[in-house]
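Good morning, and thank you for coming. I would ask you to look at the structure on the screen while I go through its contacts.

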Amino acid sequence: MKEKQYFLTLDLKDDESLIRLYEEYHKPENVWPEVINSLAISGIRVMDIFRFETRLVMRILVNNNFNFKNKAELDKENVKVQEWEELMLKFQAVLPGENNESKWQLMSKVCSYDLSANCIPTNNFHLLGGL
């Protein structure tokens with residue numbers, strides 16, 4: 001079964017103490033087990049969150065049964081997940097274009113290159129602006 005992957009983004013409030021606390025909450029030993037369980041039940045196999053300053057990017061690898069609508073419905077029915085989401089609100093800033101359904105916004109793919117095969121090395125660095 002081939003997994004799909006999605007990337008989502010979210011901004012944190014520009015407050016270093018809040019950012020440190022957000023990261024503390026997200027250490028594996030600190031995330032509530034009910035939250036981890038809800039991810040697994042929804043079909044998420046792997047979740048990674050990356051940060052650059054206040055911008056977060058989440059990568060999720062999901063099985064073929066996963067869809068965002070079902071995930072949202074499961075989350076609404078789970079009291080502990082709702083408590084977690086409410087707790088996380090104090091850290092999160094609103095992104096332009098954000099809707100009320102999800103704080104995390106799905107990102108669209110800009111490009112994709114498979115360089116694992118047939119890659120021809122070149123010394124034409126001037127084509128890339130001298131990188």
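How close do the axes of helix H2 and H4 come, and at what angle do they cross? Before I answer, a word on the source. This is a predicted model, in which local features need pLDDT of at least 70 and side-chain atom pairs count only at pLDDT 80 or more, while totals for chains, interfaces and linings use all residues. Residues are numbered from 1 along each chain as its sequence is written, and side-chain values use heavy atoms, with hydrogens and water left out.

Helices (H or I, at least four residues) and strands (E, at least two) are DSSP runs, numbered from the N terminus. Two packed helices are described by the angle between their axes and the distance between the axes. The axes of H2 (residues 33–42) and H4 come within 9 Å, and they cross at roughly 110 degrees. These axes are lines fitted to C-alpha atoms, for helices over the stretch in contact, with angles running from 0 to 180 degrees between N-to-C directions. H2 is therefore roughly perpendicular to H4; that term covers 65 to 115 degrees, whereas under 35 is roughly parallel, over 145 roughly antiparallel and the rest oblique.

Which residues make this contact? On H2 they are Glu34, Val35 and Ser38, and on H4 they are Lys80, Val81 and Trp84; contact here means heavy atoms within 4.5 Å. By class, three of the residues are nonpolar, one is polar and two are charged. Nonpolar covers Ala, Val, Leu, Ile, Met, Phe, Trp, Tyr, Cys and Pro; charged covers Asp, Glu, Lys and Arg; the others, Gly among them, are polar.

Lys80 also leads us to the salt bridges. A salt bridge is a side-chain nitrogen of Lys or Arg within 4 Å of a carboxyl oxygen of Asp or Glu. By this rule there are eight salt bridges. In one of them, Lys80 pairs with Glu83, with the closest N and O atoms 3.3 Å apart. Both residues belong to helix H4 (residues 79–88), and because they are three residues apart, about one helical turn separates them. Lys80 is partly exposed at 30% relative accessibility, and so is Glu83, at 37%. The cut-offs are under 20% relative accessible area for buried, over 50% for exposed, and partly exposed in between (1.4 Å probe, protein chains only).

Another salt bridge joins Asp48 and Arg59, at 2.5 Å from N to O. This pair links distant parts of the chain, with Asp48 in strand E2 and Arg59 in strand E3 (residues 55–62), eleven residues apart.

Let us turn to the aromatic rings. Rings of Phe, Tyr and Trp (its six-membered ring) pair if their centres lie within 6.5 Å; planes under 30 degrees apart are stacked, over 60 edge-to-face, and the rest tilted. The structure has seven aromatic pairs. In one of these, the ring centres of Tyr22 and Phe91 are 5.7 Å apart and the planes stand at 70 degrees, so the pair is edge-to-face. Tyr22 sits in helix H1 (residues 16–25) and Phe91 in the loop between H4 and strand E4 (92–93), so this pair ties together parts that are 69 residues apart in sequence.

Are these two residues buried or exposed? Tyr22 is buried at 4% relative accessibility, and Phe91 is buried at 1%. Finally, Tyr22 and Phe91 form one aromatic cluster with Tyr25, Trp32 and Trp84. Trp84 is also one of the H4 residues in the contact with H2.
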